[in-house]
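Please examine the sequence and the three-dimensional structure shown below.

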Amino acid sequence: MKDIALVFIFIWICSLSYTKAQLPDSIQLALVDIQSSEAKIQHLFSISQNIFRSNPDLNIVVLTEALRIAHSTKNEEAIIDAQVKIGIYFIYRDNLDSARKLFLNALEISKRNKDSTRMATAYSEIGITYYNESNDQQALSNYIASFRILEKLNDTIRLGAITNNLGSVYQYLGEYEKSIEFFKKAIHYKIQLRDSARMASSYHNMAMSFHDLDLIDSSYYYLKRAEVLRRKFNDVRGLSKSYATLATHFIDLNLLDSALTYINKSIDIDRKMGDNIALATDLVSRSEVHFKMKKFVLAIQDASEGLGFTSDVRTKKDALRILGDSYEETLDFRKSANYRKQYAILADSLFQADKRASLQELQVQFDTELKDAEISELAAQNEIQALQSEKDQQAKLLLVIAAISLIVTVGLLYIRFRAKTRTNELLDAKNQELANLNRTKDRLFSIISHDLKSPLSSFHTITSSLTSDWDRLEKEQLKSFIESLRDSSATVRDMMDNLLKWALTQTNQLSYQPTSVSPSQVIMEVLSQLDASASLKKITFNKDITSESAITADKQFLEIVIRNLLSNAVKFSKMEAQVSILVQENERHLVIQIQDNGVGMDQAEVDRLFAGEIVAHDIQNSSEKGTGLGLSLCRELMLKMGATLLVNSELEKGTTFQLEFAKAA
């Protein structure tokens, strides 16, 4: 608790420099009547919320008392809340260092207590202090840390605020489209919460981004929406921002009287609120209006006052520019040159880095000159060699630094090259995946447009004939029509089933669920399903099942494969033919062999069918039709099961399929 005590003393000392106010008797008497310390703290927080804008001097006294009570009772949650509220007070007084010390201490306690909610708050407020110092990199880093925590907490209320802050940083960095994206997110969160009062700040900030994109109409539209909401909810501080931005809008349109009216309103509010940060910015804006109106003395007064108490680099830069131009117009060229020189230095975005580099360079140069002088003076005393050795050491050090810089640069370039290579590889993989999907789509359309058309056309023709000639049909003719309908519907059914399963395998939606499966049991189940179609062609099945061992496979996959192969064997065999089924095993594998004496295929046709490169229609001299989809599906499913599918076929002699599975453990 030692760090908390030090922070309390620090706040008390800081508060003395801002105010001599004491806690009023009415508040002290009310605290006496409140029993618990926690209730006293909440009562003081409630008072602070009501007087935050109207009486900032009393506000810091109230918050300091709340912190004192929290510290005396070791209530760390209340300590964090009090420090954050006091830090916000210091932000509005432009005492950013004091504010950041409080927020950093609050963050340390929150981390120690693993209090994610208060950690997010501390990160956000730390980001605000850096943003007001124009340290956008640090501001962005802390805002992002807060945003990530709030996303995990799904804290919609404060996500609206932090996305708004992120948008403001990207706005200053010149990434206006990205800033608008974050402002839209903020508005989305606030709409969800029906938080119209806070939506005004997002509208206002989005207007500024549209203004920077030269979309003046859109900018003015959102500015007026923000102003309406702030009037509705009596957001005085927010109105000050709206007035100031509307003034900027009218400055761009060269409507200087309107601009002056709005900026005067904003400055009046800033002075009443004691908001030095906003006041400095608005004074500089008014100085620009006065300059354009050729009121150079007034422009100098406003710019000087704004420059006198701001720490914001952007505001300083604008003030220096206007002072340089105004003094030139009043013919005070010495002051004009002085301010323009300060502006030129500050306007350089790399000023700080260049300044350090320049100082180091001057220091090295000075040291070198000094040592050269010492060498000259000590030449008579034979100490030249020692001093020259020291210079050599410096040269070596510079060479080492240069070498390290070169290595770091090469490393960064290599990392960037590797990242670009990985991105290209990912794009190539995605393009290949897209090409495969397009091929799958084309094949699906080909099957649907060609191979489903024939059986469906037959189905339609037969049903049309039945409808028109029903009364004139003989019994045998009627039976023939019905058998044709049965065959067509069976063809469509099998084709659609294979089509669905194949499409699912192509899109990785048919999941493999391996279990211990008995192949002989699956074969018998499939044979019972094919009994009717086999009987029509008087085909007999010769079964030679010498193994009842189980295999590791997906039962549904295995059933689809065997049903397709046996169905093809029946379909493409002649009347009264035989189909042989063999199940046997060796030390490591179980083998299922299905052999028919049908029309057969040549090897080139087998290869094309299994590669999925063609859609088969007429199968040699057979009257049956096929898509080749069943065999492609069998191949896909066997691959998923880690099994092997071999085929041996000769024209007019038949086809033999051999399935090899690893035996179940």
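Predicted model: local features only at pLDDT ≥ 70, side-chain atom pairs only at ≥ 80, totals over all residues.

Residues are numbered from 1 along each chain as its sequence is written, and side-chain values use heavy atoms, with hydrogens and water left out.

The protein contains 27 helices and seven strands. Helices (H or I, at least four residues) and strands (E, at least two) are DSSP runs, numbered from the N terminus. Of the 665 residues in the protein, 42% are buried. Here, buried means under 20% relative accessible area, exposed means over 50%, and partly exposed lies in between (1.4 Å probe, protein chains only). The accessible surface of the protein comes to about 36900 Å², and carbon and sulfur atoms hold 53% of this surface. Such areas come from the Shrake-Rupley method with a 1.4 Å probe; for residues, only the protein chains shown count as cover. Among contacts in the protein with a separation of 6 or more, 63% are between residues 24 or more positions apart; a contact means heavy atoms within 4.5 Å.

The salt bridges come next. The structure holds 23 of these, each being a side-chain nitrogen of Lys or Arg within 4 Å of a carboxyl oxygen of Asp or Glu. One of them joins the side chains of Asp115 and Arg118, at 2.9 Å from N to O. Asp115 is found in the loop between α6 (96–112) and α7 (116–132). Its relative accessible area is 13%, so Asp115 is buried; Arg118 is buried as well. Apart from neighbours within four places in sequence, Asp115 is in contact with Glu77 and Ser110. Asp115 and Arg118 also belong to a network of salt bridges that links them with Glu77 and Asp81.

A second salt bridge is formed by the side chains of Arg286 and Asp302, again described by its N to O distance, 2.9 Å. Arg286 lies in helix α15 (residues 276–292) and Asp302 in helix α16 (residues 296–308), so this pair ties together parts that are 16 residues apart in sequence. Both Arg286 and Asp302 are buried. In a further salt bridge, the closest N and O atoms of Arg563 and Glu559 are 3.3 Å apart. Arg563 and Glu559 are separated by about one helical turn, because they are four residues apart in helix α25 (residues 555–571). With a relative accessible area of 22%, Arg563 is partly exposed.

How many aromatic pairs does a search of the whole structure find? The search finds 11. Rings of Phe, Tyr and Trp (its six-membered ring) pair if their centres lie within 6.5 Å; planes under 30 degrees apart count as stacked, over 60 as edge-to-face and the rest as tilted. The ring centres of Tyr243 and Tyr262 are 5.9 Å apart and the planes are at 40°, so this pair is tilted. The pair links distant parts of the chain, 19 residues apart: Tyr243 is in helix α13 (residues 236–252) and Tyr262 is in helix α14 (residues 256–273). Tyr243 and Tyr262 are both buried. The charged end of Lys265 sits over the ring of Tyr243, 5.3 Å from its centre. A charge sits over a ring if NZ of Lys or CZ of Arg is within 6 Å of the ring centre and within 35 degrees of the ring normal. Elsewhere, Lys85 lies over the face of Phe45, at 5.2 Å from the ring centre.

Tyr203, Phe210, Tyr221 and Tyr222 form one aromatic cluster. Phe210 is also in contact with Ser219, as are Ala207 and His211, leaving aside neighbours of Ser219 within four places in sequence. Ser219 has its place in helix α12 (residues 216–232), and its relative accessibility of 1% means that Ser219 counts as buried.

Helix α13 also holds Ile251, which is buried, with a relative accessible area of 9%. Not counting residues up to four places away in sequence, Ile251 touches Ala259, Ser285, Val289 and Lys292. Ile251 and Lys292 are 41 residues apart in sequence and 8.7 Å apart in space, C-alpha to C-alpha.
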